Amino acid sequence: MIETVLYIVVPCYNEQEVLAETAKRLTGKLKRMVDGARISPESKILFVDDGSSDNTWELINTFNACYPSVMGVKLSRNRGHQNALLAGLMIAKEYCDCAISMDADLQDDIEVIDKFVEKFDAGCDIVYGVRCNRRADTGFKRSSAQGFYKLMKFFGVELVYNHADYRLMSRRALEALSEYQEVNLFLRGIVPQIGYKTATVEYERGERFAGESKYPLKKMLAFAFDGVTSFSVKPIRIITVVGAIIFLISLVVLIYSLVVNVTGQTVSGWTSTMMSIWLLGGLQLMAIGVIGEYVGKTYMESKRRPKYSIEKILK
């Protein structure tokens, strides 16, 4: 029986508080799976430093020297979580049979990695880690996350509910992912488009081991907006519909105004005039902003700039 070569890809940005524990747990997990003949001894943990300003890269160097199963990749500058994750996956696909992506904060349950590999051995190319509940979240976090998925569904973006970036992808799924060349990355939306046989593994997400979340509300909202504008033109269609409705209303008001003027019942309406000016002005600015977002994305895509630059690789 040929053992599976597994790579665990972990993007890191200023994770010095948690990284030592992450390395300890993941190397231990990998060793147990190798000892149990579940995966090949050639399996690795690949830490990707996304231009951290703390001691994250120094720690990765130390782990690489101490643990034979640890690799490190340093990006030349901070490129964002999705680009760092993609960089690690693209390096991993050259060596692995499958790769699992996960965050460095230890919120994802590493004990279900065995189930991921079982699904892969059964013929699945993509296995999604899906949260079975949100007990570890605050009320606001829980409601905002549910709102995020509902918003995505409303705009027609295909997502796996309660799935973030904890997933397994086979080598051929990674090869397919490499064909997606867009600069504005939203992997949660791209991966379901790849196809192939998929499965899900449920797990309970814990609290962050140490450090602070790298996704505060502001970044989550920006992430959601990027997801919508990267995969759906529905916002523009909504603007078109709203514009058509306002146009029809304005025709009715125009006819009414003409009738009133002809009958000599014209009354100066300062309040209604100002309200209509502010309303239409606000709608126009919002429409220009949304359309501008799409134009901006098209502009960035047309440049074909690289999504990341690799400064150093530790094998």
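Predicted model: local features only at pLDDT ≥ 70, side-chain atom pairs only at ≥ 80, totals over all residues.
Residues are numbered from 1 along each chain as its sequence is written, and side-chain values use heavy atoms, with hydrogens and water left out. Local features need pLDDT of at least 70 and side-chain atom pairs count only at pLDDT 80 or more, whereas totals for chains, interfaces and linings use all residues.

Helix α2 spans residues 56-66, and its buried residues are T56, W57, I60, F63 and N64. Seen down the axis of α2, these buried residues fall within an arc of 115° (taken from the directions from the helix axis to the C-beta atoms), so they line one face of the helix. The buried residues of α2 pack against β1 (6-12), α1 (19-35), β2 (44-49), β3 (70-75) and β8 (310-314), where contact means heavy atoms within 4.5 Å. Helices (H or I, at least four residues) and strands (E, at least two) are DSSP runs, numbered from the N terminus.

Eight strands form an open sheet of mixed pairing, in the order β7-β5-β6-β4-β1-β2-β3-β8, two strands being paired if DSSP finds at least two bridges between them. The edge strands are β7 (198-203) and β8, each of which pairs on one side only. Strand β1 runs parallel to β4 (residues 98-101), to which four bridges join it, and the bridge partner of I8 in β4 is I100.

Notes. Buried < 20%, exposed > 50% of the residue type's maximum accessible area, 1.4 Å probe, protein only.
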